[in-house]
Amino acid sequence: MNIVVLTSVAMLAFAGNSLLCRLALQHTGIDAATFTSVRLVSGALVLWVIASRQATAQPRRLAGGWLSAFALFAYAEAFSFAYISLPAGTGALLLFAAVQISMLGWGLSKGERFSRWQAIGFMLAVGGLVFLLLPGIAAPPLQGALLMILAGIAWAAYSLRAKGAGDPTQVTAGNFARSAPMALAVSAAMLSSMRWSPAGIAYAVASGALTSGLGYVIWYAALRELRVTSAATVQLSVPVIAAFGGVAFLGESASVRLMVASVLVLGGVAIVLLVRSRQATSR
């Protein structure tokens, strides 16, 4: 399949996670914990089938690890509970900003040095996030925003741990399988407030099996043909797609604050990535 098609489908899938979660929690009777459990269980099943077909021999144990699985679980739970109150576009931008700032900050803590333009880009991204969260009428709900930032930090930790961990599909399948019981435990603890509906379950299954499970497999296939910087840059489209999807399908509005914050965050991250790409090619 053409690399452009693979990449486009993967970005639509990632943005689709935000749209499906927001749609389920706002327009069906499902609760956030149940949505997360169904998402991770269905994702684990689909990835297990794919990983089993790809394996040349029967694996002796699950790939991945418990720490990575916990990071995946923390991301998925915080993501779902955040979308109880956050619009799809705002949530996607907060998630993206938290992931990128966390990963860039990790690089700095490990001795990576920014050029002047990279430092400017990093500060623009941080400034955009702060601007989005400033108190005011257009500010997102604080609890939801903090939960989505936590989800982004957890996803950054998961991504950093996944580097060099082995075959991406096998590792992701193992981590989903380990994270599913954690989500089920949360659902069991919140059994008294459990709510569900056929539509809500369907959206959760679509989020787990399609936009998460198959979405990751398609993305890994695209990554084989993409440069690292190109792969990182193309993900700038996800919050934009989610914002447009929220307006088109969920009746949400795009505030001036969200648009300004998007320009600052996405533009800042783009500067960092583009300068890094030029530095790599000049060596």
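Which residue just after H4 takes a positive phi? That residue is glycine 111, whose phi is about 100 degrees. The model described here is predicted. The notes below treat its helices, its nonpolar core, its salt bridge and a number of single residues.

**Helix H4**

- The 22 residues of H4 should span 32 Å at 1.5 Å a residue, and this agrees with the 31 Å between its end C-alpha atoms.
- H4 is mostly covered, since 16 of its 22 residues are buried.

**Helix H6**

- Helix H6 runs through residues 142-162 and has 21 residues.
- From the first C-alpha of H6 to the last, the reach is 30 Å, close to the 30 Å expected at 1.5 Å a residue.
- The buried residues of H6 are Gly144, Ala145, Met148, Ile149, Ala151, Gly152, Ala154, Ala156, Tyr158 and Ser159.
- These buried residues pack against four helices: H3 (66-82), H4 (88-109), H5 and H7 (168-189).

**The nonpolar core**

- In soluble globular proteins, nonpolar side chains tend to be buried together.
- The largest nonpolar core in this model has 72 residues.
- Tyr75, Phe79, Tyr83, Leu94 and Met148 are the residues with the most contacts inside this core.
- H4 supplies the largest share of the core, with 10 residues.
- Phenylalanine 79 is in contact with Asn17, Ser18, Cys21, Arg39, Leu95, Met148 and Ala151, when its neighbours within four places in sequence are left aside.

**The salt bridge**

- Side chains of opposite charge can pair when their charged atoms come close.
- The count of salt bridges in the model comes to one.
- Glutamate 252 forms a salt bridge with arginine 22, and their closest N and O atoms are 3.2 Å apart.
- The pair links distant parts of the chain, as the two residues are 230 residues apart.
- Glutamate 252 is in the loop between helix H10 (237-250) and helix H11 (256-282), whereas arginine 22 is in helix H1.
- Glutamate 252 counts as buried because its relative accessibility is 15%, under the cut-off of 20%.
- Arginine 22 is also buried, with a relative accessible area of 11%.

- Glutamine 26 is found in helix H1, which covers residues 3-27.
- With a relative accessible area of 37%, glutamine 26 is partly exposed.
- Glutamine 26 and isoleucine 84 are 58 residues apart in sequence, yet their C-alpha atoms are 7.0 Å apart in space.
- Apart from its neighbours within four places in sequence, glutamine 26 is in contact with Tyr83 and Ile84.
- Threonine 169 lies in helix H7, and threonine 169 is buried, with a relative accessible area of 4%.
- Not counting residues up to four places away in sequence, threonine 169 touches Ile50, Ala51, Gln54, Val217 and Tyr220.

**A nonpolar patch on the surface**

- Trp117, Ile120 and Leu124 form a nonpolar patch on the surface, and together they have about 280 Å² of accessible area.
- Leucine 124 has its place in helix H5, which comprises residues 116-133.
- Leucine 124 is partly exposed, with a relative accessible area of 31%.
- An α-helix has 3.6 residues a turn, so residues three or four places apart point the same way.

Notes: Residues are numbered from 1 along each chain as its sequence is written. This is a predicted model: local features need pLDDT of at least 70, side-chain atom pairs count only at pLDDT 80 or more; totals for chains, interfaces and linings use all residues. Side-chain values use heavy atoms; hydrogens and water are left out. Patches are made of residues with over 30% relative accessible area and no salt bridge: like charges are joined within 9 Å, nonpolar side chains (Val, Leu, Ile, Met, Phe, Trp, Tyr) within 5 Å. Accessible areas come from the Shrake-Rupley method with a 1.4 Å probe; for residues, only the protein chains shown count as cover. A salt bridge is a side-chain nitrogen of Lys or Arg within 4 Å of a carboxyl oxygen of Asp or Glu. Buried means under 20% relative accessible area, exposed over 50%, partly exposed in between (1.4 Å probe, protein chains only). The expected span of a helix is 1.5 Å times one less than its number of residues. Contact means heavy atoms within 4.5 Å. A nonpolar core is a set of buried Ala, Val, Leu, Ile, Met, Phe, Trp, Tyr and Cys residues joined through side-chain atoms within 4.5 Å.
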